[in-house]
Amino acid sequence: MSIRKNISKQFEKPEGLLGKLAGKIMSNENKELNEWTISALQPGANDRLLEVGYGPGVGIEYVCSNYPSCHIVGYDVSEVMKEQAESRNEAFIKEGRVELFEGPITSADEDAPKFDGVYTVNSILIWKDPIGDLKKIKRLMKEKARIAVTLQPHEKGADDDTTKEIGTIISLYLKEAGFSQISDGIKNKKPVDAVIVTAIKEA
């Protein structure tokens with residue numbers, strides 16, 4: 001496997017030293033996207049939130065710092081990312097405001113308290129079964145809860161049209177999973193725009 005392919009693979013499931021490097025890159029690149037996504041989620045007081053694919057924990061840190069009454073649960077398939085997110089959010093974990101799990105979202109307990117909001121950043125296109133995972137997420141959400149899905153394409157040759165196409169794909173995923181009130185928005189970014197798609201669980 002070439003170095004380029006190996007590094008690319010690390011953004012899907014970061015492992016070892018390259019995984020730690022990928023985590024540092026993601027923490028810098030995704031900071032603004034996390035803030036944009038969480039703001040679109042419109043968290044309320046005492047909301048229980050879920051992040052799928054929390055990476056190095058930048059979004060979780062932002063939630064805890066800016067929405068001090070919220071509780072947040074995260075799922076990520078990477079042990080390395082869990083370690084980085086735990087280190088970044090150690091104080092919030094000790095306060096009992098953050099719970100981090102290593103594993104796919106399909107492993108989440110459906111009998112646990114339901115979520116008021118769910119978000120994911122630069123993650124959904126590497127899920128093995130996006131529609132199936134979204135159906136699982138929907139079962140974890142309260143009625144009228146909101147989901148926000150953000151992605152900025154990084155593949156070679158991607159441009160702003162790629163971003164629009166991805167927005168359409170995400171919207172179709174959400175519709176197929178049974179979500180309603182689906183809408184999207186574009187954020188002007190370099191080198192390529194980012195898209196956010198939001199939706200509601202009606203019932």
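In this predicted model, the largest nonpolar core holds 26 residues, and Leu-50, Leu-134, Ile-137 and Ile-147 are the members that touch the most others within it. Strands S1 (48-52), S2 (71-76), S4 (115-121), S5 (141-151) and S7 (194-200), together with helices H7 and H8, each supply at least two residues of this core. The contribution of S5 is the greatest, at 5 residues.

**Nonpolar cores**
- Ile-137, one of the residues touching the most other core members, is in contact with Val-52, Ile-105, Val-118, Trp-127 and Ile-147, leaving aside residues up to four places away in sequence.
- Another core, of 21 residues, lies apart from the largest one, and its members include Leu-49, Val-63, Ile-72 and Ile-196.
- As general background, nonpolar side chains in soluble globular proteins tend to be buried together.

**Packing of H7 against H8**
- Helix H7, spanning residues 130-140, packs against helix H8, spanning residues 160-176, at an angle of about 50°, and the two axes are 8 Å apart.
- Because of that angle, H7 is oblique to H8, and the crossing in which H7 passes H8 is right-handed.
- On the H7 side the contact is made by Pro-130, Ile-131, Leu-134 and Lys-135, while on the H8 side it is made by Tyr-173, Leu-174 and Glu-176.
- The residues of this contact divide into 5 nonpolar and 2 charged, with no polar residue among them.

Technical notes
Residues numbered from 1 in each chain as written. Predicted model: local features only at pLDDT ≥ 70, side-chain atom pairs only at ≥ 80, totals over all residues. Heavy atoms only, no water. Axes fitted to C-alpha atoms, helices over the stretch in contact; angles between N-to-C directions. Helix = DSSP H or I, 4+ residues; strand = E, 2+ residues; numbered from the N terminus. Parallel < 35°, antiparallel > 145°, perpendicular 65-115°, else oblique. Left-handed = near helix turned anticlockwise from the far one by under 90°. Contact = heavy atoms within 4.5 Å. Nonpolar A, V, L, I, M, F, W, Y, C, P; charged D, E, K, R; others polar. Core = buried A, V, L, I, M, F, W, Y, C linked by side-chain atoms within 4.5 Å. Buried < 20%, exposed > 50% of the residue type's maximum accessible area, 1.4 Å probe, protein only.
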